[in-house]
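Work through the exercises below with the sequence and the model open. Each task is followed by its solution.

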Amino acid sequence: MNAPTTFRQRLYSFLDPSDGAGRAERLFNALLVTLILLTIAVTIAGTVPEVQREYGPVIRVFDYVCAFVFGLEYLGRLYVTPLRPGYDGSLRSYLRYATSPLPLIDLLVLVSLMVPATTALASLRGLRLLKLLSLLKLGRYSDSLQLIGRVISQRAGELLSTVLIVLVLVFIAASLLYQVESSAGTKGFESIPQALWWAVVTLTTTGYGDVYPATPLGKAAAGLIMLFGVGMVALPAGMIASGFAEELSRLRQQETAAACCPHCGKTLE
C-alpha cells in the first residue's frame, strides 16, 4: 500500500487507519473516548440542581472544550469524504456522508454541547440530553461495540420477526384481558391502552404487581399468556447469543490463519 502523500490522505489514514492504528491514532482515540465518558458523567451530574448551581460555569467551559475537539474531528471526517469507498468530491457525496448514522450522531452531539444551560426557548434545553448520544460514538473506537453491531446486523431479519411476534402477542394479551376484566371493573383494564401496560410488564416477567387480573377466567388466561410469552420474549436473547458465538468463532479462525500465515492475508473458511 502506497504511503499517504497529501494532507487529505494523511488525515484519512489518521482518522480511519487501514493498516492498524499507530501510537498517534491510539492516543487520539483514547482522548476521544475519555472526553465521551467525561461528557456523559458531566451530563448526568449536571441534572443535579446543587451541582448545576455550584459548577454550572465550569460545566459550560467543559462543554465548549469538548465541542471544539469533537467539531475538529467531525470536520476532519467530512473533509476526507472523497477518499472513502463509494464517495467522490461532489456535494451530493458530502451530503450523503453527513446524513449517514454516525456523522448524524456526531452532529447532534455537537449541537447539544453548544446549547446554553439557560435559554429563552425552554424546549431546546432537552437538546442538551442529546450529549448522551456520545455513548454511540464509542462504537467507532471500541472493537467490542463493533462486534455487537455486526451481530445485530447479521441477525436483523430474525430479530425483527421475533419483535413483531412479541408485539402481536402483547396486543392480543391486552385485548383478551380487557375483554375479561373490564366487565368486572378490575383496575388497570378499563381500556386496551391501559391493559397494554399489564401485558408488557407481564410478558417481560417484570411483574410490578400494580395491575393484575381479579376474575378466575382472567387469571387462567393470564397464566397461559405468561407461559407462552416467556419463551417468545427469550427468543431474541438466544439469537443474539448464537450470533455472538458464530462471530467469535469466525474471529478466532481469522486470528489462527493470520498466526499460521501472517503474510498471505488469507482467512480460514
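Buried means under 20% relative accessible area, exposed over 50%, and partly exposed in between (1.4 Å probe, protein chains only). The model is predicted: local features need pLDDT of at least 70, side-chain atom pairs count only at pLDDT 80 or more, and totals for chains, interfaces and linings use all residues. Residues are numbered from 1 along each chain as its sequence is written, and side-chain values use heavy atoms, with hydrogens and water left out.

**Exercise 1.** Find the salt bridges of the structure and place their residues.

Step 1. A salt bridge is a side-chain nitrogen of Lys or Arg within 4 Å of a carboxyl oxygen of Asp or Glu. The structure holds two salt bridges.

Step 2. One joins the side chains of Arg60 and Asp63, at 2.8 Å from N to O. Both residues lie in helix H3 (residues 49-79), three residues apart, about one turn of the helix. Arg60 and Asp63 are both buried.

Step 3. Arg77 forms a salt bridge with Glu73, with 3.0 Å between the closest N and O atoms. About one helical turn separates Arg77 and Glu73, because they are four residues apart in helix H3. Arg77 and Glu73 are both buried.

Methods
Helices (H or I, at least four residues) and strands (E, at least two) are DSSP runs, numbered from the N terminus.
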